Amino acid sequence: MLTVRIIRMRNLHREDYSMGKNEEPIIRDFLPVVAPALASEQFDDKMFPILDIFIQASSAGLSLLIIKMANYLVFFPTVSESDCYVTLWLPTSSPEKVRTKTIANCKDPVWNEAFYFRIQSQVKNVLELTIFDEDIIRDDESRVIFFDIAKVPLGGSICVTFELNPECREAACLEVQVDQRRKKKKRRSKIKLMYVLGSFSLEQEVRYTLKGSYEETQLISLNCASNLHFTDGTLFHYCKHMQAELEVLLLKKRSLPSFDKDLNLHLKAKDWTSDLDLRLGFDLCAEEQAFLQKRKKVAAAALKRCSFLWHVAQVPVVAIMTTGGGIRALTALYAHLLSIQKLDILDCISYFTGLSGTTWTMSHLYNDPNWSHNDLEEQLVHIQKHVKKNKFLASFALERLKYYAKELWQRTQEGHRISFTDLWGLIIEAMLHDGENPNKLSDQQQALTNGQNPLPVYLCLSVKEKLSNRGFREWLEFTPYEVGFQKYGAYIRTEHFGSEFFMGHLMKKIPESRICYLEGNLITKVFIIMHPDMPQHFSSVVSILSGHYIMLLEYECDEGTWKNQLRTRVQYPPHSLANVFQNVIMWRPAVSVVPNFLKGCPMHNDYIRSGFSKWKDCDLDTFPNQLTGIEDYLYLVDNAFAFASSYPPLMRPERKVDVIIHLNYSSGSQMMPLVEASEYFSEQGIPFPKIIPSEEEKEVKECYLVGDQESPETPLVVVFPQVCDTFREYKAPGVKRSPDEMEDGDLDLGGFGPYNINDLRYTEKQFDKLVKLSQYNIDNNKDMILKALRIATDRRRQHKKSKEFRDPR
């Protein structure tokens with residue numbers, strides 16, 4: 001049990017630390033060890049605030065006591081003195097925040113209040129202490145201190161001094177003491193009766209509220225005049241390790257003759273022992289592992305036809321990685337796949353990733369369970385019809401608008417939350433299909449039953465409402481088998497995406513969405529000119545203007561000391577005007593809102609050292625109280641807003657990808673997606689090519705091979721920029737154009753040309769020129785792909801030999 005007791009704030013001077021006063025032993029003993037940057041000679045003659053906290057532990061938890069804080073006016077330099085109070089929140093113990101009473105007009109308040117929390121040893125417990133100044137209109141939030149309870153040694157005590165404002169030398173002292181006494185206490189349920197009538201009417205409604213449970217609030221009607229009771233009861237799903245407070249409110253529904261009755265509540269706790277519907281672990285799911293075994297045989301046969309494979313163990317894992325680019329990406333990808341199919345290399349591919357516009361192509365292809373073995377010429381002819389048609393008439397005719405309204409209403413009735421991306425998904429369906437597409441993502445499993453096609457992996461970004469993707473972003477991947485976060489190692493069945501979960505259990509099954517709604521979520525960058533996820537330098541400006549930043553309070557420490565602990569931090573919340581600015585600038589016009597399948601799942605005590613660390617790349621990763629498990633909903637946007645490629649799923653170590661065929665369709669710099677990926681994975685410590693072509697090259701080539709000069713763990717990347725290079729003079733490899741054909745080799749692929757991302761309609765001539773260019777670039781550089789496959793096969797062979805040498809058995 002964690003007991004929190006707030007004692008007082010009081011005024012301290014520098015002399016208190018140097019002239020032998022009562023507080024000197026505490027500060028002198030602990031300050032040099034925990035915060036050496038706050039040695040006494042660094043303080044000037046100004047007063048600074050000190051917040052003392054005392055924590056005591058038993059076998060059930062800890063007790064905490066805030067001792068003192070001085071000179072609170074330094075936080076809020078106003079005419080009157082501060083009306084200060086402190087709130088405490090331990091979300092792994094209780095969903096509710098507790099607070100001290102307000103001490104009016106006092107900069108040295110004294111509380112002497114105690115608070116109690118129950119502690120779970122297996123999860124990461126971070127206590128949040130927030131200092132407020134009470135006001136009539138709005139209470140001013142000054143500082144939020146984040147303190148990891150793991151720092152509290154069992155049977156010991158510590159004192160931590162926080163330097164809240166380096167300029168003013170504000171500080172706070174946190175004193176922690178733990179008691180090892182083993183006192184057994186009976187577990188009791190706490191009932192809070194909100195309002196009780198003197199008697200019951202014939203119709204009586206009772207409202208039960210259990211905060212932190214899945215149900216939160218439930219209503220029960222009592223309508224039996226003789227007994228006024230019910231036998232079925234009501235059920236709350238709740239974490240048994242958290243503090244439970246049941247609130248009961250009796251509501252009088254009708255004024256009728258009443259009878260004096262007692263209210264008897266019968267409570268019974270049962271363990272929730274059913275298996276999890278959430279798969280936890282960083283390994284690939286069983287279905288994907290089985291698929292890879294089948295696909296390996298298909299790939300081995302294809303590589304043998306290329307005459308450089310001798311054993312199935314040498315089969316490399318090859319993937320196609322695509323970038324976004326609207327209709328340009330959709331069209332060019334069809335052409336690229338057709339050329340790869342004709343070169344008999346398509347069967348070598350095991351993974352196929354896409355984002356934004358290329359997901360249109362992928363979702364259409366996988367409607368055919370045997371698409372990679374059928375003639376893709378027919379698919380190309382089919383898509384040409386849709387690219388050429390007038391999409392405004394196809395999408396916004398009166399009948400179509402009625403259809404949208406009907407579909408969205410039905411979706412609401414099924415339990416889905418409606419957003420702009422749902423409407424956008426229906427519009428995409430009208431643009432690129434002849435009618436309604438009934439297929440769902442889980443239906444694509446039929447295209448994988450015998451390993452006959454590559455495994456498709458889709459990607460989007462999970463964000464927070466009022467933070468840029470620099471502050472918070474997490475990759476969410478979709479396959480026909482499951483949907484999940486590679487960062488947390490948490491996955492659910494694809495058909496359950498959109499349903500409601502709590503603590504890893506499926507609580508409410510909502511029908512799986514049709515594929516068009518997924519497309520609407522994955523492809524929202526088209527037409528969005530301005531978006532809150534701007535370049536990083538602009539995000540920094542936003543943070544400065546909003547006044548919202550975080551300061552690290554503990555810097556130089558022994559790595560062994562911190563292996564399971566998070567360093568203490570202080571957050572400076574934005575002021576009122578900054579809040580308004582932040583709300584405006586961070587508004588996302590296109591975001592999907594779906595129930596969070598990680599709801600109620602706290603972070604493990606050792607999460608920072610698990611596989612989580614490979615994908616730890618945002619500001620909130622060391623704030624477990626603010627990560628995805630605490631949210632009710634996921635906010636999903638097109639991955640292209642933050643990352644111009646779909647590399648992340650392929651970089652999971654468990655997939656062991658050897659060769660990546662990078663098909664680039666993004667506008668602007670053709671090498672930027674590769675450079676961006678190289679920098680990102682280098683920071684994450686994930687093997688990826690670092691020696692890449694310079695962006696400053698005057699003429700970007702049609703194809704590059706990177707990673708071949710680096711370590712064997714580094715995947716080989718065959719990059720195909722979308723450029724018009726030798727195609728200007730050659731209509732086929734080795735076949736020059738005649739003077740009359742030179743115009744056919746001239747394509748304007750710039751951001752403002754006919755192939756820009758916002759153009760959704762091409763003429764027949766524009767379509768044909770883009771298709772021929774894409775096919776030519778693959779055909780003219782087939783030797784580069786074969787070279788990469790040969791190197792990967794040799795690497796596999798060498799790895800097998802070295803493994804046999806180390807273990808002759």
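Modeller: A cavity is a set of points, on a 1 Å grid over the protein atoms alone, where a 1.4 Å probe fits but cannot get out, and lining residues have an atom within 4 Å of a point. Grid points are joined across faces, edges and corners, and a volume is the space filled by probe spheres set on the points. The model is predicted, so that local features need pLDDT of at least 70 and side-chain atom pairs pLDDT 80 or more, while totals for chains, interfaces and linings use all residues. Residues are numbered from 1 along each chain as its sequence is written, and side-chain values use heavy atoms, without hydrogens and water.

Colleague: How much space lies in the largest cavity?

Modeller: The structure holds six cavities of 30 Å³ or more. In the largest cavity, the space comes to about 300 Å³.

Colleague: Which of the residues that line the largest cavity are the closest to its centre?

Modeller: The lining of this cavity numbers 25 residues. Closest to the centre among them are Arg411, Phe497, Ser513, Leu518 and Val594.

Colleague: Which strand gives the most to the lining of the second largest cavity?

Modeller: The second largest cavity holds about 60 Å³ of space, and its lining includes Phe146, Phe147 and Asp148. With strands taken as DSSP runs (E, at least two residues) numbered from the N terminus, the element that gives the most, with three residues, is β8 (residues 140-148).

Key: 1 Å grid on protein atoms, 1.4 Å probe; cavity = no way out; pocket = protein on both sides within 12 Å on 5 of 7 lines; lining within 4 Å. Helix = DSSP H or I, 4+ residues; strand = E, 2+ residues; numbered from the N terminus.
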